[in-house]
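Me: I would like to learn how to read the packing of helices and strands in a model like this one. Could you take me through it step by step?
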Protein chains: 2
Amino acid sequence: MAIANSSLEPFVRSSRDAARELSRSGTAARDRALEEMARSIAEARERILSANRADVEAARREDKPPAFIDRLLLDEGRVEGMAKAVRDVARLPDPLGEVTERWTRPNGLRVEKVRIPLGVILMIYEARPNVTSDAAALCLKSGNAVILRGGSEAQRTNQAIREALRQGIARAGLPEASVQLVPTADREAMLELLRMDGLIDLCIPRGGEGLIRFVAEHARIPVVKHYKGVCHVYVHQAADLEKAERILLNAKTQRPGVCNAAECLLVDREVADRFLPRAGAALASRKVELRACPTGAALLERAGVPARLAAPGDYGREFLDLILAIRVVRDLDQALEHIARYGSEHTEAIVTEDRAAAERFTREVTASAVMVNASTRFNDGSELGLGAEIGISTSRLHAFGPMGLRELTAQKYVVHGDGQVR
Amino acid sequence: MAIANSSLEPFVRSSRDAARELSRSGTAARDRALEEMARSIAEARERILSANRADVEAARREDKPPAFIDRLLLDEGRVEGMAKAVRDVARLPDPLGEVTERWTRPNGLRVEKVRIPLGVILMIYEARPNVTSDAAALCLKSGNAVILRGGSEAQRTNQAIREALRQGIARAGLPEASVQLVPTADREAMLELLRMDGLIDLCIPRGGEGLIRFVAEHARIPVVKHYKGVCHVYVHQAADLEKAERILLNAKTQRPGVCNAAECLLVDREVADRFLPRAGAALASRKVELRACPTGAALLERAGVPARLAAPGDYGREFLDLILAIRVVRDLDQALEHIARYGSEHTEAIVTEDRAAAERFTREVTASAVMVNASTRFNDGSELGLGAEIGISTSRLHAFGPMGLRELTAQKYVVHGDGQVR
């Protein structure tokens, strides 16, 4: 395909060459490269930490919020965690070459579907430096070349990590361009990459709403979005209220800053007076701010649990914080309507002992994961048993939910015949 | 997601409402609608044919080429064929609700992957009116609403077909907006639709290079491309030359105007002098024009087979006609290089009795289908056993190769627990 001349084209072409070489490489070579990458990270610990100190100081000078600094900050434990994560990926089964289905046609043709790499993946993300090594490991394992574009605030850290990865890859004899870091953090360069249809096969953006929108708006290459999670826990009238409380507390408080944390509780009117005061008190004791509908707020108030009235914008909002929207609903129908209107197709949970209600909820709710009597926090590659994940897709196309190694592959048909013609 | 106000928004929102209703509909309701759609097409035969006569006359007045007129033209047999194709789709198994995998986690969570519809599909195509009913049937069967945007030259025919489909759907009690035709054929309307990220879930363009490029350039919604097929038949030195000739003749001449027809023959030097004169004569007798490399042209000339020298642009070109490019290659390596450079990742075939060569070819060639000792013409949903297809994807993401009913679905995770938390 025709691509306009541009400064980044040779850079991307070297990724394509690397991808071609990777697609022909064997399992052993890729796994060895991963082991070497892990070793390199461990060996480069001092250099990585010193680069990170410079990034963190700059971010502090720019008065970035503490949560931002925390995401950016590395220490010895986190660097060791990065190396371990790369080693863990090495030990996962190789997805490439897997025959996912095979059948024989009446004319004798033997048809197989075989996993192959996607090609060149552009990963766009924000402050967390561990994404650099995680994404590099998952892409290399699945035979893809990756172009990493991290946040500008982590540029020094990411360069130090990439340099370590490069050395590891080189020691294993695979192409160094298998993992590349965009040399500049400016938006123009990102725009240029997003337009390289035919050279880059997939873009995975991970980060805040603004970033995802920017990518969706400008990309001419395929994008699998990792968008926000506005996850609901719905306590049905036939719920075991003890389970419901345990699930709600976990979904809201175990790690409130992530996309599979709950943002809104829906509770059936019939059980609201028994459930809300108790669960509300437990949430309040963990410093969760409650923003409820008038009915819910009245119930909480009567029980002496601090709550305020929800503003209209509180439904459908991703707080990523110790805040919970609450709505008392009439029944399953109203809960389904609420979720269809305000949900983000990420994760939705029902708590109920009524099979028919659970069945209807799982059938009618569109979300990458629908949970029955389990925390929304289980929508995670490792928790669902896929191994490590590169993120959680909220696009229905190609991959919906956690993207593990398999979701970083395509499948081609391989057909064996004996001279068949039509 | 925020969508600018626009004239087509209410039209698309009615498709979204229909999609929601379809996603909850049962197998029986959708199959009944398909049977009614087939009946309606048969009943509306006269109206469809008369609309088609008007389109064909207009196309003749505009001096459209005969091949174009032939694609546009309907007769009684073709209309009956359309009705039958819809009925055949009704009888395929329902992809929705299929549990494609299930497993249990150590903590007792039961995980399932379940097929669901994609949502609203925008189908953009050119002159063939049967695509209108075929696409409508496949989308409705898989629970998707479809917005059809056919070529302006077939607008009257498509309106008559859509009206018949609408009546059938209404008789079965499903929403009429399940199948909609874009009310205007102008490019502005198409542009508006291509920008409706968040309202349209997938665009499938099918047609010439210009159309596909236009869509890829302007779409902000996900696109699965159905791009050109530059398919090679590679005759390896260990080929059974009789099989090779049969496969080549079939791949080139059985239906030269389609994307899985062969456009280029690669033949190993070692067997070229035995293979080319015989196969060349057979091709020439079927009126195939041969455009060969100097070595190949000399061999053909010596055998008295008419051939001309290939121009550089003849490699990598989709002739869609009785023209074949020919190149004599040194060995498998050179054939692989040629295909990597000139192929379109559509369909590639090797003819060989050497297992190792076949194995290497199937491993190293990236194409939606790789054939060993079989015609390229088998890269087709029905021939591969998927049932009807909506087209052949040359995008690696989501679907690679023929898109049947399954490829019109997504998969969500459904997780059953008993109160599990993290």
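Reply: We can start with a helix pair: α2(B) and α5(B) are roughly antiparallel to each other, a term used for angles over 145 degrees. This is a predicted model, in which local features need pLDDT of at least 70, side-chain atom pairs count only at pLDDT 80 or more, and totals for chains, interfaces and linings use all residues. Residues are numbered from 1 along each chain as its sequence is written, while chains are lettered from A and ligands numbered from 1 in the order in which they are written.

Me: Which angle and which axis distance describe the packing of α2 and α5 of chain B?

Reply: Two packed helices are described by the angle between their axes and the distance between the axes. Here α2 (residues 27-43) and α5 (residues 76-90) of chain B pack at about 175 degrees, with axes 8 Å apart. Residues from both helices make the contact (C-beta atoms, placed from the backbone, within 7 Å), including Leu34(B) and Ile41(B) of α2(B) and Val79(B) and Val86(B) of α5(B).

Me: How should I read the order of strands in the open sheet?

Reply: Strands of a sheet pair through backbone hydrogen bonds, either parallel or antiparallel. In this open sheet of 10 strands, the order is β1(A)-β2(A)-β16(A)-β13(B)-β12(B)-β7(B)-β8(B)-β11(B)-β9(B)-β10(B), and the pairing (at least two DSSP bridges between two strands) is mixed. At the edges stand β1 (99-104) of chain A and β10 (308-309) of chain B, each with a single partner strand, so one side of each has no neighbour in the sheet. Within the sheet, β8 (residues 262-268) and β11 (residues 323-329) of chain B run parallel and are joined by five bridges, and Asp268(B) has Val329(B) as its bridge partner in β11(B).

How values were computed:
Axes are lines fitted to C-alpha atoms, for helices over the stretch in contact, and angles run from 0 to 180 degrees between N-to-C directions. Helices (H or I, at least four residues) and strands (E, at least two) are DSSP runs, numbered from the N terminus. Angles under 35 degrees count as roughly parallel, over 145 as roughly antiparallel, 65 to 115 as roughly perpendicular and the rest as oblique. Two residues are in contact if their C-beta atoms, placed from the backbone, lie within 7 Å.
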